[in-house]
Amino acid sequence: MASAVDDQQAEDVQAGIGHGSSFDQASLDQLIPAPMSRLRTFVVGGLILMGAVAAAFLLGGGYLVPQPTRGSSFGSDGALRIDREGGAFIGEVMMPNNSARDVRITAVDLDAPGAELVTVTARIENSTDGEGRGEDRVASLPLPITVPAGERAFIAVHFRPTDCDEASALVDAGSAGPPWGIATATVDFGDGAFPPLNASVRLDEDPIAEVGGSSLLTADQLLDGDHPLALACEVLR
Amino acid sequence: MTGILDRLVRVRFLLLLAPIVVLLVASPAGGDGLGQGSTAIALGSLALFCLSLGLNLAGYDPDAPAIASKLSEDPAGQALLERWLRRSKRFRFVGGAAGFVISLGVLADGNLFQILLFVLLGIAVGGGLAEIHVFRRRSGGSRLADLAVRHVADYTTRTDRWALIAIAVFAIALAVVSLVASAEARGFVVFSSLAALLVAAVAGALQRLVVVRPRPALPDALRSADDLLRRLAATRGFTRPAIALGAGLLAQALGRLGTDVAIAAAVLFAIASLAWYVSSRQSQIRPAVAIQ
């Protein structure tokens, strides 16, 4: 009813009724487009809004751009391990895939002052596996590796100390020091997938060392230290 | 009935409040499902939301005739201004609503300020698109054109022009300063700064487009109304939402730098953003200040 009243009012104004005179409608149309009908206006506006909803769904679900860690808080805790064959130490970093689409990890970079990245492997842990394999350690595989939607990848970064003086500084900084060993994963949707986009995911919620302090798991004992880099330097000494 | 609908359209915060009420009432915290009262409240809120959204999408604007009649005494001028008021308001509403919806998909952490930036982006884009009708196909035949030279400065305010310049200058300066900031903040600050620069540049270009777009030879009264329309379009239509957006983007970038001075500046930019948004609203239009 209100719509009808409003429509009539709009038509009256356009026709000059109620203003004491009539005027050239064509002149107005040249200056600004004639309004659409109320129904058509509603439909067009509704379609635009539905398009926005679809865009929000696709973007939020990670269908258009890989964003596996979006909206999640995560972290893992584990001892360093020794990669004796490679002469390196292994820290594990977790990357959950909370998006609705599988993503593939193609490369990993490591921000770890005083250490260099030697190699990277990764494994998928399916914590919801009905056969109870969820807690099993699966052998790490070289990249690239695909992380199914809803599952988690544990990225094993193999690093080697390059500057043990840096380790002393990190130990002195103690809990005031910055997080150490932050991995950045490059992810995409896989070969031939659409859209062919990749993204960098900084895994700063799960650094190798949050506030200093670390442990190293060897074949026969668990060593504790003030910092993973210091621990690695101590073992090498 | 019409009065109720008018009020429903004017009180737009219902569009935000109603879904919140539905969520609160329908949340499972109560345990054994919804009682009759809760169901009624939830359904009532939902109905209000749908009705308000539908009216706004349909371009129902009870205030346009009154504002137009205050701005022009000529019937043709009133009709012209009413057309623009309805068109601009509808485009801005749809743009703002789309920006809000997309922000919910894009932003994971529910950052309220960033949601507001998306809404401002939608309003600015909507307000700008409302003016992009200069390229539409026109009817054939001979026409008489108004050959008067028009200048952007005659249709915009000095405050708005300086605000656009200030945003551009600050954006460039901030991008440069961010080069010495921490590596983590640098990318974000540069992105926000360049986005603010782009917003200022596009708003400036669109101002020019609106001012110089062709005008047929018109009676004096209608020409005056068209001048006023262009002033309103080049200020409240899209420029002020764009200034609000640019200031908001700079506030966001400054906030990320984290120093005391930067945070103080960020607060100032955030206040400027809010002020320019408020001054862009059609409800703020008064006859005496129509060209301000």
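This is a predicted model: local features need pLDDT of at least 70, side-chain atom pairs count only at pLDDT 80 or more; totals for chains, interfaces and linings use all residues.
Residues are numbered from 1 along each chain as its sequence is written, and chains are lettered from A in the order in which they are written. Local features need pLDDT of at least 70 and side-chain atom pairs count only at pLDDT 80 or more, while totals for chains use all residues; side-chain values use heavy atoms, with hydrogens and water left out.

Chain A carries 5 helices and 11 strands (DSSP runs, H or I of at least four residues for helices and E of at least two for strands, numbered from the N terminus). Of its 237 residues, 41% are buried (under 20% relative accessible area; exposed is over 50%, partly exposed in between, with a 1.4 Å probe and protein chains only).

Over all chains, 17 salt bridges turn up (a side-chain nitrogen of Lys or Arg within 4 Å of a carboxyl oxygen of Asp or Glu). One of them pairs D29(A) with R83(B) at 2.8 Å, N to O. D29(A) sits in helix α2 of chain A and R83(B) in helix α5 of chain B, so this pair joins two chains. D29(A) is partly exposed at 27%, whereas R83(B) is buried at 7%.

Within chain A, R104(A) and D191(A) meet at 3.3 Å, N to O. This pair links distant parts of the chain, 87 residues apart: R104(A) belongs to strand β3, and D191(A) to the loop between β8 and β9. Here R104(A) is buried, at 14% relative accessibility, but D191(A) is exposed, at 68%.
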